[in-house]
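I opened my notebook to record what I looked up in this model. My entries follow in the order I made them.

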Amino acid sequence: MTKWAIRAGLALAVLALVSFTGITAYVVERFHASRPVMSGALALDGLGGTARIARDANGVAHIAGESDADVFFALGFTHASERFFQMDTARRFVRGRLAELAGADLIAEDARTRTLGLEQLTQDVTARLSVPMRAAVEAYTAGVNARLAQGRPAPEYILLRARPEAWSVEDSAAMVVFLAHYLAMGADEDMERARLEAMLSPQRLTEFMTGYPDWAPVQLHDDDIRDAFGPVRVRPLPAPQDALSQADNPPGSNAWVVSGGHSATGRPLLANDPHLGLSTPSMWYLTRLELSNGPVIGASLPGAPFIVLGRNAHGAWGFTNTGFDVIDHIARPRDGLETTGRTEIIHVRGRRDPVEITVKETPEGPVLDPAWFDLSGFPSDTAVVRRSVVTHPDNRVADGVFAIMQSTGWEDFVEAGRGWTAPMQNMLYAGVDGTTGYATAGLLPLRDEDGDWTGFIAFEDLPRIVNPRGGVIVSANNKIASDAYPFPLPGQFDPYRAARIESLLAERELHDIASFKAMQMDVTSEHARRLLPVLLSATPESQLGVSALARLERWDGTLDADGPEGLIFSAWLRVLSAAIWMDELGPAGSWFVQPRRVFLDEVLTGEASHWCDDVRTDEIETCAVTAGLALDAAMAETAALFGRNIDAWRWGEAHQARFAHPLSDIPVFGRMFETRTPVPGDGSTVNVHHFSYASGNYDSVHAANFRAVYDLADLNRSRFMTAPGQSGHPLSPHFRDLAERWAAGESFEIRDDWSPSDPPEGVKLLTLTGR
């Protein structure tokens, strides 16, 4: 009997192995069949003429055609070949249809986006497309669908056992909505305040919701503001009390521009590195479009027919997030609240019956249902209403980006923002004619003393500067202007990167591409430098704590990947932050396991040192005592993970950029979708690498997924980099080939002095013709 059991077990094991091998072989074969076609010739329906896609050694697509429509068709075909699953998940997110693809776990996500009205905004954006923009989107859509018609879908669909749906003009509009939703700010601060008001006294609440510090730089200097707007005009429009600025704004970016007077070439230089969530593939796809009005080169957005960040023949532009407060969550009495209802039907994979939700709308915005939104802190007997510029129906951002691509100078660039609603961006410009400038576009609410919206700042009155007196503009999510600007600018701002950039710019009289690239990779923390003098007075009691403190006494605040100091400092601040505010916050503390750098700065170097005392004990702890205990605890935790030899610790070993993918966690095949690489820096350095305190690890999940330096003396010398690679297909040679080069600070040119019809040696050429 035992022999038969053994034989049966072996037979089942062999059968399982054969089945697994067969399934694996099938999946691998389908994976290979779905790889992008990169050379040769294809005849496709929907293409009016001929288009050529030339991929260089870095996977950058250089696209030309007989007409602009052919170029946009080819761009759609290219995006769909390399990034369709990414495009599909983005449109499904906006339109509340993720559960159709991935099942019940995403019902709540769909319910939230349905509640916010993002699908209706998609229809509004589509309806307001200009005739030229609509023609571009229609050509692009035809190119996407031409790729889908070939079959052999992206490999993710093989694992999900699903079929991709055709693309539409509305889906491209959804990409604009995706950016507006992702980048708009204000909601988190309202949530924080609601959770904290019951825990903290008014004084402590004000301290914890720290405003922008007096020492920190603003983007636009007072003299330039006065030049542009004249003397300050007193207006009865004060910022309400709940619109304080907490200077911790992870969705950030860097951009700076200098005039020819600060450049070795005598022409402007512009740098830009937007900081967004790291993912496989990146949000951006680098490309060159040869259009009838000249080349446009830079970061395109898969799903849409335009280049968002980049340059044309006349100038270059870079964006950062303004951080302006453009979303409010308001508690309204339920009695007498004017509402209308709409029904949303959510289809769910694996379920026969869909989920039906009812959304209540008010004239201000939708009522948030606690079944889908965490409304902790708001009174349970009130209705929480979301008021937001994101869903304003007049959104013409698609046309604005399209107009920027076609701009021929500063005036065109500024005018392109008219009709922009959200997301509000700091927009830096440099022209081949020597012009440099700053503009922003969008709807910035004006509020009365009760916080109610009274209108928006007029387009002509938004912050805007051309050729500033000093010849330098630095935008790193720092505050845009002081009170010299005549309107309130409530929001969330970060002071540390801007301060560091300004100091680096001041170190040289003349800058060049090399110095700008070095600045983008700088990992010396102004935050660390401000805190170190106080931290070094800590009184640790353990040998590990004493040894770690001795290392930091010789440290200059640079978080290199190959040294231990970044790990010591980061582990210490994570524990110290919890020690400083978790005792006061009590049950609300779980929502604040995160860096609050400006508040920590104020506690250790300013007037809020009383936060160092543990309110749960009878003793009064000083910051030196609390910091010492925190260092002991942090070093014990770190030693448990990396050993007790501090000299052998490496920040880059613990701190790795994690380019996650929606399928990263699936068995067997998930690992092939994710990319990791060691990185330096932290959330306060110019080379940003944010990690989450709540995660329990040091993975960098938010960083510069695109870098560019533009040389206006010769735009072909401009440098670019993205990561982890151009392609979203795991079997493509360009899936993760740029990750290590990106981490090392390398970059490459994307030139326009050769034709995709006659590419240089080594470039792969794919020719598309209509049929």
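**Cores.** I began with a definition: a nonpolar core is a set of buried Ala, Val, Leu, Ile, Met, Phe, Trp, Tyr and Cys residues joined through side-chain atoms within 4.5 Å. Buried means under 20% relative accessible area, exposed over 50%, and partly exposed in between (1.4 Å probe, protein chains only). The model is predicted, so local features need pLDDT of at least 70 and side-chain atom pairs count only at pLDDT 80 or more, while totals for chains, interfaces and linings use all residues. Residues are numbered from 1 along each chain as its sequence is written, and side-chain values use heavy atoms, with hydrogens and water left out.

Which residues touch the most other members of the largest nonpolar core? I found Trp742 and Leu768, out of 149 residues in that core. Helix 2 (residues 68–95) gives this core its largest share, 13 residues. Helices (H or I, at least four residues) and strands (E, at least two) are DSSP runs, numbered from the N terminus. I also noted a second, separate core of 50 residues, which includes Leu600, Met635, Ala639 and Ile646.

I traced an open sheet of 11 strands with mixed pairing, in the order 1-26-2-3-6-7-8-9-14-15-18. Two strands pair if DSSP finds at least two bridges between them.

I then looked at strand 9 (residues 315–321) and strand 14 (residues 425–431). They run antiparallel and are joined by 7 bridges. Phe319 stands opposite Met427 in strand 14.

**Disulfide.** I searched for disulfides (cysteine sulfur atoms within 2.5 Å). How many does the structure hold? It holds 1. The pair is Cys612 and Cys623, with sulfur atoms 2.0 Å apart. Cys612 lies in the loop between helix 19 (597–605) and helix 20, and Cys623 in helix 20, so the pair ties together parts that are 11 residues apart in sequence. The link is right-handed, with 90° about the S-S bond. Both Cys612 and Cys623 are buried.

**Thr626.** I stayed in helix 20 (residues 623–642), where Thr626 lies. Is Thr626 buried or exposed? Thr626 is buried, at 7% relative accessible area. Contact means heavy atoms within 4.5 Å. Leaving aside neighbours within four places in sequence, Thr626 is in contact with Leu576, Ala579, Cys612 and Glu621.

**Salt bridges.** I counted a salt bridge where a side-chain nitrogen of Lys or Arg is within 4 Å of a carboxyl oxygen of Asp or Glu. The whole structure has 50. Asp45 and Arg771 form one of these, at 3.2 Å, N to O. Asp45 lies in the loop between strand 1 and strand 2 (50–55), and Arg771 in the segment after strand 26 (764–770), so the pair ties together parts that are 726 residues apart in sequence. Asp45 is partly exposed at 47%, whereas Arg771 is exposed at 67%.

Glu100 and Arg97 form another salt bridge, their closest N and O atoms 2.7 Å apart. Glu100 is partly exposed at 24%, and Arg97 is partly exposed at 23%.
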